[in-house]
Amino acid sequence: LAADSDSASVLLLLDLSAAFDTVNHCIVLDRLQNYFGISGQMLKWLGSYLSGRSLCVLHSNTFSKSCYVRYGVQQGFGHSPLLLSMYLAPCGQIMHSFGIAFHCYADDLQPNMQIVSISRSDQAKPEACPAALRSWLLSNFLLLNSAKTDITAIRPVISMITLFCLSIIVLFIAGKG
């Protein structure tokens with residue numbers, strides 16, 4: 001759509017570090033109930049899936065003592081990407097409040113913004129959003145993987161100054177700024 005109107009788009013490619021391992025069971029169950037309206041037997045079923053799990057480690061043919069798991073969803077299980085996406089839903093709401101579109105699948109976030117002109121108001125959106133986004137991620141036990149965080153400017157030619165400013169914002173979100 002931005003390319004059709006001859007304006008630029010900026011796409012951030014964000015990857016969350018160990019996102020599947022850090023999902024807080026209490027928070028995700030609360031979010032499922034209060035944010036998505038899941039209740040009754042379905043909420044109980046999801047609660048039973050998350051609760052009562054334990055793990056141990058096998059090293060040199062010896063098992064460690066078992067410990068209770070309060071965080072994380074099994075990455076290979078079919079429902080886990082959906083649970084993680086639901087856990088991340090408020091993150092998208094934050095970005096939308098700044099006029100930034102947002103796509104998510106599992107631990108990959110892709111906020112993008114059309115830039116019609118390079119004005120102060122356009123620059124204010126991505127500059128104001130990182131602090132709110134970073135705060136939300138930290139309060140939900142999530143961190144960005146800075147090695148997999150990238151920024152892409154898509155057509156037309158965007159000024160080097162604007163691209164530099166947006167790169168600084170990405171570094172700030174990723175915790176390097």
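Me: At roughly what angle do the axes of helix α2 (residues 25-34) and helix α3 (residues 40-50) cross?

Reply: Happy to start there: this is a predicted model, in which local features need pLDDT of at least 70 and side-chain atom pairs count only at pLDDT 80 or more, while totals for chains, interfaces and linings use all residues. Residues are numbered from 1 along each chain as its sequence is written, and side-chain values use heavy atoms, leaving out hydrogens and water. Axes are lines fitted to C-alpha atoms, for helices over the stretch in contact, with angles running from 0 to 180 degrees between N-to-C directions. The axes of α2 and α3 come within 11 Å, and their crossing angle is roughly 165 degrees.

Me: How is α2 oriented relative to α3?

Reply: Angles under 35 degrees count as roughly parallel, over 145 as roughly antiparallel, 65 to 115 as roughly perpendicular and the rest as oblique. The axes of α2 and α3 cross at roughly 165 degrees. That makes the orientation of α2 to α3 roughly antiparallel.

Me: Which residues of α3 make the contact with α2?

Reply: Contact means heavy atoms within 4.5 Å. On the α2 side, His25, Val28, Leu29, Leu32 and Gln33 take part. Across from them, the α3 residues are Leu43, Leu46, Gly47 and Leu50.

Me: How many residues of the contact of α2 with α3 are nonpolar?

Reply: Here Ala, Val, Leu, Ile, Met, Phe, Trp, Tyr, Cys and Pro count as nonpolar, Asp, Glu, Lys and Arg as charged, and the others, Gly among them, as polar. The contact has three polar residues and no charged ones. Its nonpolar residues number six.

Me: How is α2 oriented relative to α4, and which residues of α4 make the contact?

Reply: The axes of α2 and α4 lie 9 Å apart, at an angle of about 80 degrees. That makes α2 roughly perpendicular to α4. From α2 come Ile27, Val28, Arg31 and Leu32, and from α4 come Leu83, Met86 and Tyr87.

Me: Why is helix α4 (residues 80-87) described as largely enclosed by the rest of the structure, and which of its residues are buried?

Reply: Buried means under 20% relative accessible area, exposed over 50% and partly exposed in between (1.4 Å probe, protein chains only). Six of the eight residues of α4 are buried, so this helix is largely enclosed. They are Ser80, Pro81, Leu83, Leu84, Met86 and Tyr87.

Me: Which residues is Pro81 in contact with, leaving aside its neighbours within four places in sequence?

Reply: Pro81 is part of helix α4, and it counts as buried because its relative accessibility is 13%. Its C-alpha atom is 4.6 Å from that of Ala106, 25 residues away along the chain. With those sequence neighbours set aside, Pro81 contacts Phe20, Tyr105 and Ala106.

Me: Which residues have the most contacts inside the largest nonpolar core?

Reply: A nonpolar core is a set of buried Ala, Val, Leu, Ile, Met, Phe, Trp, Tyr and Cys residues joined through side-chain atoms within 4.5 Å. The largest such core has 32 residues, and the elements supplying at least two each include α2, α3 and α4. The residues with the most contacts inside this core are Leu16, Leu32, Leu83, Leu84 and Leu142.

Me: How many helices and strands are there in the chain?

Reply: Helices (H or I, at least four residues) and strands (E, at least two) are DSSP runs, numbered from the N terminus. Of the chain's 177 residues, 38% count as buried. The chain has seven helices and nine strands.
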